[in-house]
Structures are given as structure tokens and as C-alpha cells.
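Visitor: I have not seen this structure before, and I would like to learn how to read its features. Could you guide me through it?

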Amino acid sequence: MSESPVPSAVSVLVVEDDAVIRRAVQLALERYGYDVSVAEDGLGGLEAFRAGQHDLLVLDVMLPGLDGIGLCRRIRDESLVPILMMSARGDALDVVSGLEAGADDYVVKPVDIGIMVARIRVLLRRATFHPGAAEPAADPGPGSDTGTGSDPLVFGDLAIDLRGLTVSRAGATVPLTPTELRLLLAFAEHPGIVLDRRRLLREVWDYGWEGDTRVVDLCVVRLRKKIGADRIKTVRGFGYKLDRS
């Protein structure tokens, strides 16, 4: 992977207790142009997060004191900043717990820096994107209103403002992470159409390679908790679709 420069200084906080891994990740990311700060435990990571303005966080799962899962939850209570988890051996419980806690994606140790940088770039693009090219389906069906111009997309009690990139339910603002927002917009672009997990990995996570579909499933779970359990339907054996009513 070519080391293309990072436009302006992008701040990344790495929280990792292993000094060798922490230093290696820091030096590697700095070679790609990132402004990297580090912390060696969960409480130190929380303090560093609160003290600075970070564009993205990289959290190890196994941290002393406050572990990476607990740290992720604490940060999610305060911020929608993109979070990338590091999991030893891709342990299924670690992965699921991290994604349920609000992480956007994960990488497996030993870390392949090329893959980590690719994931970081995707998360940063997702955090700053504008869905100007997204066009809802031509026939959204009854109960929905795709809007025109600056009008929001409306599906029952759910409203999506494409210009302001905000979502509300029954008039109350729904805070979504950039990943959750992009997932919702992918469904809103094709209301009533079943989208399979591989397609969502490509369109939402920008995976140009085979990815872990658990990332999709856990993000859908988080999204349902925020916009209503019945808004996104599961079509067993195929994928998910947005209920237009």
C-alpha cells in the first residue's frame, strides 16, 4: 500500500497496554501522516480522550483496569467518534462485545498495518461523507415520503434530513454514529428492498475484500435500538430491508 499523505493533521488516539505493540502502531501510523497520541490503559485512554480532540480511536480489547469494551461504552456515552477495536486472534466474544459496545470495526492481532490504515481511512471517510449522490427508490410505496430538494425522507415516525445529516423519530433527535447513519441511508435509498450482508459490507463499510458479516449484524442491532425494532426487518437467509410503512 502506498503511503499517500493524510490531508491536514488527523488525530488518532491509540490505547494499548503492550508497549511494543503500542509503539509499533504509533510509528507506523505516523509514517502514514497521522498525528498519534497513546495511552497504556483504559482509564488513561478515557482521560486522554476527554483532554483532546481526536478524529478516531484505536482501542485494544484487553486493557488493565477499564477494559477496551468498557472504555468503548464510556466513550459512546459522550461521543460519536469513530472507534476501531483491536482483538487478539479475532476472538468471537471480543468481536461481538466490541461491536455491541459501539465500535465501528475491528482488526485482528498481530496487526497488519496496511489493513489497519485501510480501515482507518474508510472510517474517516464515513465520518465526513455527504450523501449528495444518494437517490431514493422511484416508488417508495405507501407510508413513506422520499421528499424533494431539502425535504427529509420520511418513513412512518422516522425522518432523515439529508442536508443536515440528522435523524429524528417522533420528533426527537436520534444520535447515530457515522457508521449507523450510513447503514440507515443505505436502507433508505432502497426502501422495501432486501439488502444482503455482503452488499452492505461493500456499500457501508467500503470493503473491497471479504469482511466479517457480524459487523453488519451487530450494527443493525444497535440501529434498531435507536430507530425502532420493527423499522428494519430481517429476511432470513437473505438480509435486511427498511420497512416503508
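Visitor: How many Å should helix H6 span, and how far apart are its end C-alpha atoms?

Guide: This is a predicted model, in which local features need pLDDT of at least 70 and side-chain atom pairs count only at pLDDT 80 or more, while totals for chains, interfaces and linings use all residues. Residues are numbered from 1 along each chain as its sequence is written, and side-chain values use heavy atoms, with hydrogens and water left out. Helices (H or I, at least four residues) and strands (E, at least two) are DSSP runs numbered from the N terminus, and the expected span of a helix is 1.5 Å times one less than its number of residues. Helix H6 covers residues 178-189, so its 12 residues should span 16 Å, and its end C-alpha atoms are 16 Å apart, which agrees.

Visitor: Which residues does Leu183 contact, leaving aside its neighbours within four places in sequence?

Guide: Contact means heavy atoms within 4.5 Å, and on that basis Leu183 is in contact with Leu200, Val204, Trp205, Cys219, Val220 and Leu223.

Visitor: Which residues touch the most other members of the largest nonpolar core?

Guide: A nonpolar core is a set of buried Ala, Val, Leu, Ile, Met, Phe, Trp, Tyr and Cys residues joined through side-chain atoms within 4.5 Å. Of the 52 residues in the largest one, those that touch the most other members are Leu59, Ile75, Ile83, Met85, Leu183, Leu200 and Trp205. Domain 1 (11-124) and domain 2 (153-242), with bounds from an automatic or database domain assignment, both give residues to this core, so it lies between them.

Visitor: Which residue does UniProt list for "modified residue: 4-aspartylphosphate"?

Guide: The unreviewed UniProt entry lists Asp60; such positions are given in the numbering used here, feature names are shortened, and annotations may be inferred rather than shown by experiment. Asp60 lies in strand E3 (residues 56-60) and, at 2% relative accessibility, counts as buried. Leaving aside neighbours within four places in sequence, Asp60 is in contact with Val15, Glu16, Asp17, Gly68, Met85, Met86 and Lys109.

Notes: Buried < 20%, exposed > 50% of the residue type's maximum accessible area, 1.4 Å probe, protein only.
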